[in-house]
Amino acid sequence: MQVTTEEIIYPSSDGQPMADSTIQYKLIVTIKEGCESLFEDEPNVFVAADLLWYPVEGRPDISQAPDTMVIFGRPKGERRSYIQSREDNIAPQVVFEIRSHNDSNTKMNKKLSFYYRYGVEEYYLYDPERNQLEGWQRIEGILEPIEPMEGWISPRLGVRFELPEEGLEIYRPDGEKFLSYSEINAERLLERRRAEQEFQRAEEASQRAEEASQRAEQEAQKAERLAAKLRQLNIDPDSI
């Protein structure tokens, strides 16, 4: 019996962990969430992390799970895997990989070949241990190395890459940096403290103004009582 395309099973997992270290996991989540935030108002930009991508119809043995991939022209939504033949045959245009200490050069070369073969337009590979960023851009059908990467702006995403000593930084077109959850939370707490301090300063200023108003009113009442006594003595207070 001939097996039809509908009967082919595309597994939703390759049995491999999403990350081999906390720093790798943090970077994957930061890049994925940053890209999602960048295109949150674009209904036809799909962003995923560690999702199996099947580029060839009927070939579940050919797959890759990029750490993060961005696909223009496909709607947002939940997927167990990205089966390209069911997605208008649109390949991910931008792919990110975060290298772990267990990744061999052979493994990374195979990934580069895979992305080259199956139509990725921009591929970015970051090694957190060496703080090294490599990039490739498809030019006339070939994934060509990008040099230099420092300050490079992605044609597709519009983001800028910087490599300070602290590690990879990615900036949105509006200049805002991709932040991890802990960094976002720290900024939120800082803004809350600033708001509380501003509120406290406003409260103190209001209290000082109220106290000044009360003193002015007391002085006015005192002056009025003095004027009343002077009038009782047939003395015009305005003549003094």
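In this predicted model, 6 strands come together as an open sheet, and reading across it gives the order S1-S3-S5-S6-S7-S8. The pairing is mixed. As a reminder, strands of a sheet pair through backbone hydrogen bonds, and they can do this in a parallel or an antiparallel way. What stands at the edges of the sheet? Those places go to strand S1 (45-48) and strand S8 (142-145). Each has a single partner strand, so one side of each is left without a neighbour in the sheet. Going from one strand to the next, the twist averages 15 degrees.

Two of the pairings can be followed residue by residue. Strand S6 (residues 122-127) runs antiparallel to strand S7 (residues 132-139), and the two are joined over 6 bridges. Here Asp127 sits opposite Gln132 of S7. S7 then pairs with S8, again in the antiparallel sense, over 4 bridges. Gln137 has Glu144 in S8 as its bridge partner. S7 and S8 make a hairpin, with 2 residues between them. One detail to look for in the turn is Glu140, which has a positive phi of about 50 degrees.

Helix H2 (residues 105-117) lies across S5, S6, S7 and S8. Relative to S6, H2 runs at about 165 degrees.

Searching the whole structure turns up 1 cavity of 30 Å³ or more, and the volume of the largest cavity is about 30 Å³. The residues lining the largest cavity include Ile31, Phe96, Tyr124, Leu133 and Phe161. Which elements give two or more residues to this lining? They are S5 and S6.

Glu78 lies in the loop between S3 and strand S4 (82-83). Is Glu78 buried or exposed? Its relative accessibility is 81%, so Glu78 counts as exposed. Along the chain, Glu78 and Ala48 are 30 residues apart, and their C-alpha atoms are separated by 9.5 Å.

Glu87 belongs to the loop between S4 and S5. With a relative accessibility of 8%, Glu87 counts as buried, because the cut-off for that label is under 20%. Which residues is Glu87 in contact with, once neighbours within four places in sequence are left aside? The answer is Arg74, Arg79 and Tyr82.

Gln93 also has its place in the loop between S4 and S5. Its relative accessible area is 7%, so Gln93 is buried. Not counting residues up to four places away in sequence, Gln93 touches Val70, Ile71 and Phe72, along with Val120, Glu121, Glu122 and Arg156.

Key:
Residues are numbered from 1 along each chain as its sequence is written. This is a predicted model: local features need pLDDT of at least 70, side-chain atom pairs count only at pLDDT 80 or more; totals for chains, interfaces and linings use all residues. Side-chain values use heavy atoms; hydrogens and water are left out. Two strands pair if DSSP finds at least two bridges between them. Axes are lines fitted to C-alpha atoms, for helices over the stretch in contact, and angles run from 0 to 180 degrees between N-to-C directions. Contact means heavy atoms within 4.5 Å. On a 1 Å grid over the protein atoms alone, a cavity is a set of points where a 1.4 Å probe fits but cannot get out, and a pocket is an open set with protein on both sides within 12 Å along at least five of seven lines; lining residues have an atom within 4 Å of a point. Grid points are joined across faces, edges and corners, and a volume is the space filled by probe spheres set on the points. Buried means under 20% relative accessible area, exposed over 50%, partly exposed in between (1.4 Å probe, protein chains only).
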